[in-house]
Amino acid sequence: MIRKKCNILLFTILMLSSCYSDDSTIATELIPDIAISGLSEEGYSIISYADNYLDITADVNTNYPESELSYRWYLIDKMAEYAVGDEEHPYQWEAIGEGRTLHYNVRLAPGEYEVVVEVKAANDYTVYRKAKLNVTTPFSEGFYILKETAGGNTELDLCNPATGLHMEDCLTAVHGQPLAGIPEALSTTISQGYIDDVTNTMASSNIVTVTTKDREICVMRTSDLKVIMNNDNILFTKFEDDEIPYSIVQCMWCNILITNKGVRSQYQSSLDKGESGRFGITNGIHTGRQVAYERNSSCIFLWDPDTKNVVCCDYNGTARHGSKEENNLSTMSSYDCLQIGHCNANGNVVYVLQQQRTGMVWVMTITANFSSGWQMQQLKPIKAYAPHVSQSPVFSVCAAEATLLYGIDDNKLWGYDFVNNVEKELKPEGMAEDETITYVSDQYVGGNSTNNYLIIGTEKEGHYTLRFYKNFGGQPDGKPVFSMTGIGHVRGVRYTTNDSFQSVEQGALMD
Amino acid sequence: MKNRKAICVLLASIVFVGCEKSLPVYDYPHNSLNFVVTLDEETNEVVEKNYSFVYAGDAVETDTIWVTVTTQGFLSDKNRPFLLQQITAGEGKRDALADIHYESFDSEQMLVHHLVIPAGASKHKFPIVVYRDASLSEGDVCLYFQIKPNEHFEQGLTNYRTVKLVISNTLKRPEGWEEYYFGTYGPVKHKFMIDETGLRWDDEFCTSLSDFGYIQYLTMMLHQRLQVVNAERKKQGLDILKEEDGRTVKFDFGASF
């Protein structure tokens with residue numbers, strides 16, 4: 001019986017025997033006789049264009065004598081795979097150094113890279129080891145400073161109080177030269193769509209926009225200051241022959257291109273989806289370079305220098321002229337606009353106007369709300385109340401702390417309270433007597449931001465100094481929190497953030 | 001008793017013996033062709049593709065519609081001819097006539113030069129040549145066709161085995177027409193859009209529109225051009241632009257900026 005069962009068992013085993021084949025092979029890789037260490041397992045992260053060096057020393061454990069070894073370092077740009085498109089050679093290897101120690105000044109576009117060390121023996125036996133390299137740039141956050149160079153061209157400096165970064169001549173650092181021509185305006189905006197010419201896809205980025213008096217517009221992404229749009233590709237059509245581009249500003253969920261021919265709007269682009277970013281056409285209402293954002297109505301306010309009228313552009317980018325019937329607007333035919341700002345202390349949009357016939361400075365205040373549009377409140381000459389501010393070559397509306405209009409006269413800083421009609425001298429600390437005050441701008445990013453500053457600029461012998469004060473009750477509070485010095489004439493200052501969301505600034509959107 | 005236990009252990013072991021077999025190599029012998037067509041999102045049926053000679057301009061008597069097929073099955077290192085056959089579009093529809101409304105699928109030009117899957121290719125684009133016949137003035141014609149099986153290819157997947165073309169000399173509402181942006185469809189409006197932009201505004205163009213900024217630009221431009229054209233018409237004593245049924249042509253979205 002047992003024998004019978006055993007036979008059945010054997011038969012079953014034969015039936016169910018696996019048809020497993022052993023495909024494994026004997027290990028053929030030999031342990032290399034050059035072992036490289038010294039490269040970080042986690043990789044490296046470094047800020048580009050900030051005079052930072054990648055310093056790595058390769059440690060080698062080998063029986064070869066050191067004199068028979070040669071070292072070479074390479075950089076692999078992972079983004080290059082889009083451009084190369086060759087499966088066998090997806091990445092470009094760029095030689096960046098020789099010798100056991102790498103000392104490499106990182107001036108690369110932000111992105112992911114790999115750094116590779118090659119160790120070769122005299123008999124050509126070669127071993128590689130690589131580490132990740134993450135490159136960021138300082139351009140994505142801080143205060144951009146638009147300046148006119150000694151040669152009459154346009155440059156950008158950058159300072160970031162959070163990191164202590166001071167960087168001069170960013171355009172020359174990145175593009176090799178400043179932008180030709182005298183600066184017109186500087187603006188910063190979030191989430192602007194554009195077509196990435198490397199990947200040929202729609203993308204999105206925070207941007208800094210610079211325009212010149214030569215009617216050039218240069219839109220750069222803040223990650224690396226790469227020019228993503230200019231006069232040739234910013235529109236679906238072309239600028240008119242006499243069109244002057246001023247800026248791209250943020251209006252709630254729209255980004256708005258302002259030229260003397262009017263506004264062109266587009267909705268902000270999401271970072272993951274992107275848009276072409278090109279702008280369309282205006283609706284025919286002309287606009288000047290001055291612009292301010294009004295929070296209650298979520299509108300931007302501008303000026304039509306041709307028809308001498310207020311222009312209100314809503315959060316969808318629709319621009320409309322003001323009128324006597326709807327907006328209580330007086331006839332404005334004899335005025336030019338010098339500056340527009342928004343004062344959060346009383347909610348007024350403040351227009352600084354100059355009467356053509358007399359040359360006198362007038363102030364017009366406007367209130368606005370979300371549901372019932374906007375109304376002109378007051379239009380008055382200010383010389384009698386503000387003899388100094390009315391003489392100022394530059395103006396800035398206090399954005400949050402007080403109902404003040406700032407001006408400069410006789411190398412002193414003045415504040416005119418346009419509600420109570422009182423003028424007083426403001427005395428910022430830290431200025432030397434031989435400095436000339438040339439710039440004032442109250443910049444307000446948002447209520448909780450640490451980047452709200454009353455910025456006062458001086459010049460001395462071709463050098464500028466910008467001092468950033470906390471604004472307390474309309475006055476510079478104590479000593480400057482930080483300052484920035486550089487060469488050239490300051491024409492504008494704007495803050496940019498690394499985030500894809502930023503509340504719109506109040507006060508003027510442009511200097 | 002010991003033997004019985006040993007047998008149980010052995011049996012249990014056998015049950016758990018792995019039996020790894022080599023996976024069969026893909027050896028599906030059939031080759032078929034699927035058309036690249038658009039399916040209706042609700043019915044999952046092939047959507048008719050409209051072609052109108054209006055897009056081509058008055059001078060054009062012959063035009064080309066490109067159709068793409070993809071292969072199913074192994075690739076081949078030789079050229080593989082395939083055949084097409086027209087099928088009826090169904091009741092109430094007028095079928096296109098070979099060599100009257102389109103170049104016959106049996107023509108030498110089609111058979112030798114176009115209806116061939118090149119060696120090594122898995123995708124092929126071939127032309128359908130359509131004619132502007134006078135009979136189109138009597139109404140549209142439908143050209144529905146499928147793969148005619150031969151020694152190389154069978155018909156493909158059910159939902160991808162038919163192409164439905166409608167050939168006309170009038171404008172039809174194109175696939176991808178978004179009422180939110182372009183408003184109510186009308187042939188007069190459609191013709192105005194083609195004339196003013198120089199763009200085709202056909203199925204392919206309308207379905208390709210995805211950049212909001214571009215749509216905004218187009219609608220604003222059309223609105224502004226319409227104001228100019230209407231002003232000119234008024235000067236000439238004409239009514240503003242309207243559809244045949246009296247509806248006013250307008251671009252509300254473009255006017256809102």
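A:Tyr439 counts as buried because 22 C-beta neighbours lie inside 10 Å of it, where a residue is called buried if 20 or more other C-beta atoms lie within 10 Å of its own, exposed if 12 or fewer, and partly exposed in between, with C-beta atoms placed from the backbone. The model is predicted, so local features need pLDDT of at least 70 and side-chain atom pairs count only at pLDDT 80 or more, while totals for chains, interfaces and linings use all residues. Residues are numbered from 1 along each chain as its sequence is written, and chains are lettered from A, with ligands numbered from 1, in the order in which they are written.

**Chain A**

A:Tyr439 is found in strand S32 (residues 436-443) of chain A; helices (H or I, at least four residues) and strands (E, at least two) are DSSP runs, numbered from the N terminus. Leaving aside residues up to four places away in sequence, A:Tyr439 touches A:Val394, A:Ile456, A:Gly457 and A:Val490, a contact being two residues whose C-beta atoms, placed from the backbone, lie within 7 Å. Chain A as a whole holds 4 helices and 37 strands, and buried residues make up 43% of its 511 residues. Of the contacts in chain A with a separation of 6 or more, 56% are between residues 24 or more positions apart.

**Strand pairs**

| Strand pair | Bridges | Bridge partners |
|---|---|---|
| S30(A) and S31(A) | 5 bridges | A:Tyr416 and A:Glu423 |
| S3(B) and S7(B) | 9 bridges | B:Thr70 and B:Lys123 |

The hairpin of S30(A) and S31(A) has 4 residues between the strands, and A:Asn421 takes a positive phi near 55° there. In chain B, an open sheet of 4 strands has the order S7-S3-S1-S9, with mixed pairing. Strands S7 (123-131) and S9 (154-155) of chain B stand at the edges, each with a single partner strand, so one side of each is left without a neighbour in the sheet.

**Helix H7 of chain B**

Helix H7 (residues 212-235) of chain B has 24 residues and reaches 35 Å from its first C-alpha to its last, close to the 34 Å expected at 1.5 Å a residue, the expected span being 1.5 Å times one less than the number of residues. Among the buried residues of H7(B) are B:Leu218, B:Leu222 and B:Leu226. The cover over the buried residues of H7(B) includes strand S19 (262-267) of chain A together with helices H4 (179-182), H5 (187-197) and H8 (252-255) of chain B. Just after H7(B), B:Gly237 takes a positive phi of about 80°.

Technical notes: Two strands pair if DSSP finds at least two bridges between them.
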